[in-house]
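Welcome! Here is a friendly walk through a protein model, from the overall build down to a few single residues.

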Amino acid sequence: MDAADVRDSTLLLNSPRTIVGLRAAEVAPEVVAAAAGTAQAPRVLLITGGGFALRSWSEPLLAALRSFPLHVVTHSGLPTPESVALLAREVRAHRADVLLTVGGGSVMDAGKAAAALSINADPTPELVVRACAHEAGREDVPPIIALPTTPGTGAEATPFATIWHRDQGRKLSLRGAALRPVTAILDPDLIAGLPESYFVSCLLDTLAQGLEGAWSIRADEQSEWLGATAWNLLAELLDRPHHGLGAAERHAALLAGHLAGRAIAIAGTTVCHAMSYPLTLRHGLGHGHACGLTLAAVLRYNALVGDDCTDPRGAQRVRDAITRVVRAAGESTVESLAGKIEQLARSPALPPPPDIRHDAPRIATEALAYDRAGNNPRRVDVAALTHLLAGTAERDYAR
């Protein structure tokens, strides 16, 4: 299935309703009005990233929204309990009827979490942390419209948000139906001019989500299809330079990231994401880079699943899911696909990876504390993850 087939699929009419390939400024007013569901002009809170004002499309988008009572808030950096609580108070102060999140995964996650927590009279950082232990309800939460400005996070399609608690050295997750955007607008113009390092990191995030959505023990037929289709959309793009891309390539990258996001919304992520969290917190790696760094090693590991399979449907189900992704990517073997992943993870556009060999046991221990590790279809323990991490580092430093 190619991008045109997916765009016309009824899949994209499901939550979130997804608008593909149209200019955000042209469709945003209609989408806002539909989300608000009121005859009066809804109050709109626009949450953006730090570089919003510098983008060529920002002024047309603002102009299109000026028919509504509009308040603009900037969110920079990773979402934290403090930044989410502050945003939630902004939502309450503005009495927002609709939230628009325009940015990368961090902006979208911060906005989603803030919307869900804004129903509380006094959103505090402590409340944010406590809320991550429970499902977020849907009642009275303002609807969220997501406009991704980076491809690959999938945050515009998922019912959860990542929050980073640096004091505890932990990644937290706020989950619930209230966090899933009602509409996602995938406008290729919004990712034009994205630095190559960001673009490559986002591709790695998409590839990890696509594979994990296919092989997870929670995967179903739809998540397997979504993950494989995301890889199919990116198959040709992986071998090209990743700067100065045309609209068609940007379109494919955005759509692939969205489908991979839908895959993990069903199946959850697995051990690649579990290992990525300490890699980000302890070594400062960007999220996509951190996910992609171990993806080839985990692919090889999971492809050899046997009696140590954790999926009750059996090892053959896992091997078949991996085979479908390999074929969708235009490859004939697991090893050839793993080689492509490694090549992308070593892109000169990315910062050199840290030497994690000495820290591998601690990273492995911390990774296993995340529930994502339990979704992996082959049993993992500290020894297995330490071996995968050390082997990844050795391959990087041997080249």
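Predicted model: local features only at pLDDT ≥ 70, side-chain atom pairs only at ≥ 80, totals over all residues.

Two residues are in contact when they have heavy atoms within 4.5 Å. With that in hand, take Ala 64: leaving aside its neighbours within four places in sequence, Ala 64 is in contact with Ala 25 and Pro 29. Ala 64 sits in helix 3, residues 58–65. Helices (H or I, at least four residues) and strands (E, at least two) are DSSP runs, numbered from the N terminus. Ala 64 is buried, with a relative accessible area of 18%; buried means under 20% relative accessible area, exposed over 50%, and partly exposed in between, with a 1.4 Å probe and protein chains only.

Residues are numbered from 1 along each chain as its sequence is written, and side-chain values use heavy atoms, with hydrogens and water left out.

**The whole chain**

The protein chain has 16 helices and 8 strands. Its radius of gyration, taken over C-alpha atoms, is 20 Å, close to the 21 Å that the globule rule (2.2 Å times the number of residues to the power 0.38) gives for 399 residues, so the chain is as compact as a globular protein of that length. Along the principal axes, the C-alpha atoms fill a box of roughly 60 × 45 × 40 Å.

How much of the chain is buried? Of the 399 residues, 60% count as buried. The accessible surface comes to about 15600 Å², and carbon and sulfur atoms own 51% of it; such areas come from the Shrake-Rupley method with a 1.4 Å probe, and for residues only the protein chains shown count as cover. Among contacts between residues at least 6 apart in sequence, 81% join residues at least 24 apart.

**Charges and salt bridges**

There are 37 positive and 42 negative side chains, and the centres of the two sets lie 2 Å apart. Here Lys and Arg count as positive and Asp and Glu as negative, with His and the chain ends not counted. The place of a charge is taken as NZ of Lys, CZ of Arg, CG of Asp or CD of Glu.

The structure holds 19 salt bridges, each being a side-chain nitrogen of Lys or Arg within 4 Å of a carboxyl oxygen of Asp or Glu. Three of these pairs are set out here.

| Pair | N to O distance |
|---|---|
| Arg 23 and Asp 189 | 3.2 Å |
| Arg 282 and Asp 359 | 2.9 Å |
| Arg 372 and Asp 371 | 3.7 Å |

Asp 189 is partly exposed, at 27% relative accessibility.

Asp 359 lies in the loop between helix 14 (334–345) and helix 15 (360–368) and Arg 282 in helix 10 (residues 271–283), so this pair ties together parts 77 residues apart in sequence. Asp 359 is buried at 7%, whereas Arg 282 is partly exposed at 34%. In the remaining pair of the table, Arg 372 is buried at 6% and Asp 371 is partly exposed at 47%.

Salt bridges also join Glu 224, Asp 311, Arg 313, Arg 317 and Arg 324 in a network.

Tyr 277 lies in helix 10 and is buried, with a relative accessible area of 2%. Its contacts beyond four places in sequence are Trp 164, Lys 171, Thr 269, His 287, Tyr 370 and Arg 372.

Pro 79 is in the loop between strand 3 (70–74) and helix 4 and is buried at 1% relative accessibility. Its C-alpha atom is 6.0 Å from that of Ser 106, 27 residues apart along the chain. Beyond four places in sequence, the contacts of Pro 79 include Ser 106, Asp 109 and Trp 164.

Arg 95 lies in the loop between helix 4 (81–94) and strand 4 (98–103). Although Arg 95 is not a glycine, it has a positive phi of about 50 degrees. Arg 95 counts as exposed, at 53% relative accessibility.
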